[in-house]
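Let us walk through a protein fold step by step. Keep the 3D view open and turn it as you read.

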Amino acid sequence: MEIIRLNAEEYSGKKYSVKYESMGYYNIQEQKDSFEFKFYETYKPEEHVLQDEILAEWLENPVAYGAFEDNKLVGYVEGYLETWNNRFRISNIVIFDKNQRNAGIGTKLFLKIVEDAHKCGARMVFLETQSCNTNAIAFYKKMGFKVIGFDQYAYSNEGPENHEMLIWMGKKL
């Protein structure tokens, strides 16, 4: 497997759809003057679908790397420096084939993009994930990230009921 910087002309705007399963979710429940952040197991896998595009137009001067096996793109990571606050945002990290997840590809991609964050002098690396994407949350924790914020209604007005809320995770550099 090779990690190669993606050519923006070739990959910008390419759409993809990936499925992931989760055996639970994190609930973020308002308490009197605070919030409770608690994991709930579902006991049966719940399937979720993520649809997006590589190097979307809204990204600010992004960089992206692809993981290639036999000249085939099997995963990618992208991110950019938010200059207004000097934080590096990882906007996507995806391994397309579920059978190739947990094989170290994501770790290699992640380390490569964090290397770019260091090079550009960012003070922190951060990303967004969903409260139902427990495998991703576990991976980010393994990489040294911690929860730095959340939004219960980022995706819909039924975020808490649907168990799909935005979680910000980050790591100081």
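In what order do the seven strands of the open sheet stand? The order is 1-4-5-6-7-9-8, and the pairing is mixed. Strand 1 (2-5) and strand 8 (146-151) stand at the edges, each with a single partner strand, so one side of each has no neighbour in the sheet. From one strand to the next, the twist averages 25 degrees.

A word on the ground rules. This is a predicted model, in which local features need pLDDT of at least 70, side-chain atom pairs count only at pLDDT 80 or more, and totals for chains, interfaces and linings use all residues. Residues are numbered from 1 along each chain as its sequence is written, and side-chain values use heavy atoms, with hydrogens and water left out. Helices (H or I, at least four residues) and strands (E, at least two) are DSSP runs, numbered from the N terminus. Two strands pair if DSSP finds at least two bridges between them.

Strand 8 and strand 9 (residues 166-172) run antiparallel, joined by five bridges. Here Gly 149 stands opposite Trp 168 of strand 9.

Which residues of helix 3 are buried? They are Thr 134, Ala 136, Ile 137, Phe 139 and Tyr 140. Buried means under 20% relative accessible area, exposed over 50%, and partly exposed in between (1.4 Å probe, protein chains only). Their cover includes strand 2, strand 3 and helix 2. Just after helix 3, Gly 144 takes a positive phi of about 95 degrees.

Strand 2 (15-30) and strand 3 (35-53) form a pair of their own topic. A hairpin joins strand 2 to strand 3 through four residues. The two pair in the antiparallel sense over 15 bridges. Lys 19 has Val 49 in strand 3 as its bridge partner. Strand 3 also holds Tyr 43, whose phi is near 70 degrees, a positive value in a residue other than glycine. Tyr 43 counts as exposed, because its relative accessibility is 67%.

Next, find the largest pocket. About 1100 Å³ of space lies in it. On a 1 Å grid over the protein atoms alone, a pocket is an open set of points where a 1.4 Å probe fits, with protein on both sides within 12 Å along at least five of seven lines; lining residues have an atom within 4 Å of a point. Grid points are joined across faces, edges and corners, and the volume is the space filled by probe spheres set on the points. The lining has 38 residues, of which Ile 93, Val 94, Asn 133, Ala 136 and Tyr 140 lie nearest the centre. Strand 6 gives the most, with seven residues.

Methods:
Axes are lines fitted to C-alpha atoms, for helices over the stretch in contact, and angles run from 0 to 180 degrees between N-to-C directions. Contact means heavy atoms within 4.5 Å.
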